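Let's take a walk through this structure together, one part at a time. Keep the sequence and the 3D view open as you read.

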Amino acid sequence: MAQTRQTRPAPRSSQAARPSGARASGARGKAPVKKQPPAVLRGARAVGRGSAAALGSAVRSIGHGARDVPPAVRRDGLAIVLVILAILIAAREWFELSSWAGTAIHAVVAGTFGVLAYGLPIVLLVIAVRLMRAPQEESTNHRITLGALMLAIMVDGIIHIAKGQPSPVEGWEGVREAGGLLGFLVGTPLASLVTAPLAVVVLVLLALLSVLIVAGVSMREAAEWVAEVARKVRHGDGVETGETEVLDLPEHRTLERPGAPEPRARKSRARRLFDRAIHGEQPGDPDGLDAYEADEAFATAATVERTDFDDIIDPDGGRAAQATAPLSPYAAEEPVPLTPDALADAPTQLIEVTGERHAPPTTSIVPAGEQGTLENSTPYVLPSLDYLVKGAPHKERSAANDRVVAALTSVLEQFGVDAEVTGFTRGPTVTRYEVELGSGVKVEKITQLSKNIAYAVASADVRILSPIPGKSAIGIEIPNVDRETVALGDVLRSPVATRNDHPMAIGIGKDVEGGYVMANLAKMPHLLVAGATGAGKSSFVNSMITSVLMRATPAEVRMVLVDPKRVELTIYEGIPHLITPIITDPKKAAQALEWVVKEMDMRYDDLALFGYKHIDDFNKAVRAGKVKPLPGSERKIHTYPYLLVIVDELADLMMVAPRDVEESIQRITQLARAAGIHLVLATQRPSVDIVTGTIKANVPSRLAFATSSLADSRVVLDMPGAEKLIGQGDALFLPMGESKPMRVQGSWVSETEIHAAVEHAKRQADPEYRDDVVQAGSTSAAVAEDIGDDLDDLLAAAELVITTQLGSTSMLQRKLKMGFAKAGRLMDLLETREIVGPSQGSKARDVLVTPDELASTLAVLRGESGATVGSTAYDDAEDGEWVDS
Ligand SMILES: Nc1ncnc2c1ncn2[C@@H]1O[C@H](COP(=O)(O)OP(=O)(O)OP(=O)(O)O)[C@@H](O)[C@H]1O
């Protein structure tokens, strides 16, 4: 299933509503409606509850007070505490502080860490500095702290064994002079288990592992780095020769030569060379690059394209991510974190702070014909989730819900229906009230009452679900008068989001039970988003793009954004995840879709060439170094990022080139899944001429916001329901393979938050645009003059005539719904292209092209170079032998 969801915990019984006459229910996951207890008992309970509540609220207020302290200040507080500890420990261990406090410190610290207590102040200071300088890299900080602690334990164990394994029973002094309590606890049992020398070997290896954890590098990387240093030392061009060469960790190999082009210029040249390499060309020097530069450029391009999910995912589910290179020059310049409070207080200032740009990372040298070190991707730091604000806590019930329960109960009583409201589950926008029927009562009795229910609860948007999936109960969904906004930050911070580290998983929102809903765009694999103006479609597109920015690096996900309205997506201009500037011209958008088809074909060729079925398998093999270039090829094999194509207003595209757009969408959607290419098509006008049968058949996942009519709901979901939604992000989500849609409240992200995420991304890297995206095919340029604006109609006419093998003008008139003059003109054009023979009076013309030659003939009409009617030239193109423009 494409989506996962987390159900909220069952409400406490003390929160249950108690309308008279309602039947008690203990159903899990909903607020039950209970019978009234006797008055005396109620009074006693009230007194008890009152005092408990007073005590509870006092404790909670302290807790809330602490929670209200901004996270950044809390982290600073922790850093300051560490500095104080470091000073105190240093005072005793270094300067022999002799007071009782000194004695106590020594007893605790040396008692725990043994002789390592001497070094502890330095370790504490390093962690404190790291906390203050890179607070947003929580998972990296956790990793370093954990690694340091492990290292201390292992070294203590070694010291403990080396000092003859003193036991606390013989006196603490000996333990303090050796490895402390930690050393005793680790060293003694291990030594008695496997003998002392073997125990030391084990501890040394574990200490080595701890060092790797602290450094955030794998054994192979460390070995490579050591080999590199050794090589440099051997060749006498040592690491510290300063002026021309700087050696860093393997992923940051920087080699500056006097007179070498600027890194950015080299990169764009690299991109061109890289593109050629993809198409099997040799990295020569047509751009004036010498062999050195060409190799370097290839390595850079490969680095840019590389992905390594395994390497950037922290075992704790967070992302130690790309921030893990402690020696990176970029790590020292990490961005100032934007906390929600900061965002609220001074958005403009913060935007200024983030205005500064970081140079893209350095170039690595990979000798020609050798596979590069693939896992060393660009040190791109993902934005901290602190950039996104926290929403108000979710309410499980409110007074409004109790009023609705009472109203529903009274409607049932008034109309004499033997049914009871047994509970409800409150979501952010609507609450689903559950009604159980008495035996022998027809479900229709309730559905017939929908208007009376709407009247009683004073809401026109009552939706009845019969039954609630998986339950013998009827659900009545009624909008909350006190609805809640679902903050994207809350969705992305929820356990369901942190457990799922897929870069294409996005925060959809919250379901009717208040559970967070995430969905993986890669599994959809294509999504249609529709809804009337103002229903929340654009807000969804924004939270989707922001989700990607928060969770994926440009090496993992690249995007093509199509925004014919020119307003919705401009904010994302310049983010490094873009593969081409935001496309606003619908004609260019149609070309971009053709480019996507081409890219897909190319990826397919690659998969076929190396024998993989899915891009994920291919990428995994590339990262494992298992994909080797063919013998004699100089090509550097790289991983492919997912390609996410977002069209924010399909209608605008369908108006310009309906057949081309439809055709491209069809080809992309049929094949793109395995190639890691995914489409999101959004439209305000979900009518059959925009969301055609072909598009619907190929885009299996749907997200419907409120539609203006039942017909529109049917177009999007193939069922009614969306016309009853209440707007502002209220949606029905129907992922591929599901039969019933899930009602969700879409997540909301403010412009300030988007800006913060965008600025962060822009600071990390520059976009590297592919200049061929909007030139692919250049169809319109080559279209013959006599066809002019009639190309789409001509293509339709040619297709009709060729597939039916009937050269009849009146058929064109009838099927394409056009006048006689236009149909006649099209037929004449077909004659000039030798698709049909000359006019034979009232008889139909001969058709000179067979259905087998349809594709090549349409290519000729489109003006695609190299194609001739009925020839094989276009077929070659179909096989993926496109020449890069
Ligand atoms: N998820 C949401 N949570 C809270 N409010 C929302 C949400 N989505 C939309 N809204 C509210 O509804 C308004 C309109 O939303 P939005 O602009 O996304 O609609 P739209 O369907 O994209 O309209 P259009 O197609 O005209 O751009 C927003 O300004 C916002 O106030």
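What follows goes from the annotated spans to the loops, then to the helix pairs and the ligand.

First, some ground rules. This is a predicted model, so local features need pLDDT of at least 70, side-chain atom pairs count only at pLDDT 80 or more, and totals for chains, interfaces and linings use all residues. Residue numbers start from 1 along each chain, following the sequence as written.

Let's begin with what the record says. The unreviewed UniProt entry carries the annotation "transmembrane region" for residues 77-95, 107-132 and 182-215; such positions are given in the numbering used here, feature names are shortened, and annotations may be inferred rather than shown by experiment. In the model, residues 107-132 are 77% helix and 0% strand, with 29 Å between the end C-alpha atoms. Residues 182-215 come out at 97% helix and 0% strand, and there the end C-alpha atoms are 23 Å apart. Helices (H or I, at least four residues) and strands (E, at least two) are DSSP runs, numbered from the N terminus.

Now for some loops. Between β7 (463-465) and β8 (474-479) you'll find P467, which is joined to S466 by a cis peptide bond with omega of about -10°. Another cis bond runs from M524 to P525, with omega near -20°, and P525 sits in the loop between β10 (516-520) and β11 (527-530). Then there's K817, a residue other than glycine with a positive phi, near 50°. K817 belongs to the loop between α30 (809-816) and α31 (820-832).

For α30 and α31 the angle is about 120° and the axes are 9 Å apart; axes are lines fitted to C-alpha atoms, for helices over the stretch in contact, and angles run from 0 to 180 degrees between N-to-C directions. That makes α30 oblique to α31, given that angles under 35 degrees count as roughly parallel, over 145 as roughly antiparallel, 65 to 115 as roughly perpendicular and the rest as oblique. T809, L812 and Q813 of α30 meet F820, A823, G824, L826 and M827 of α31, where contact means C-beta atoms, placed from the backbone, within 7 Å.

Next, look at helix α29 (residues 791-804) and helix α32 (residues 854-862), whose axes are 10 Å apart at an angle of about 160°. So α29 is roughly antiparallel to α32. Their contact includes L791, L794 and L795 from α29 and L854 and T857 from α32.

Helix α21 (residues 586-610) and helix α24 (residues 658-675) pack at about 30°, with 9 Å between the axes, and are therefore roughly parallel to each other. Among the residues in this contact are L593 and V597 of α21 and I665 and L671 of α24.

Finally, which residues come nearest to the ligand? Of the 15 around it, they are G536, S538, S539, G729 and W748; a residue is near if its C-beta atom, placed from the backbone, lies within 6 Å. Helix α20 (residues 537-551) gives the largest share of this shell, three residues. By class, the shell has three nonpolar, 11 polar and one charged residues, with Ala, Val, Leu, Ile, Met, Phe, Trp, Tyr, Cys and Pro counted as nonpolar, Asp, Glu, Lys and Arg as charged, and the others, Gly among them, as polar.

How values were computed: Contact = placed C-beta atoms within 7 Å.
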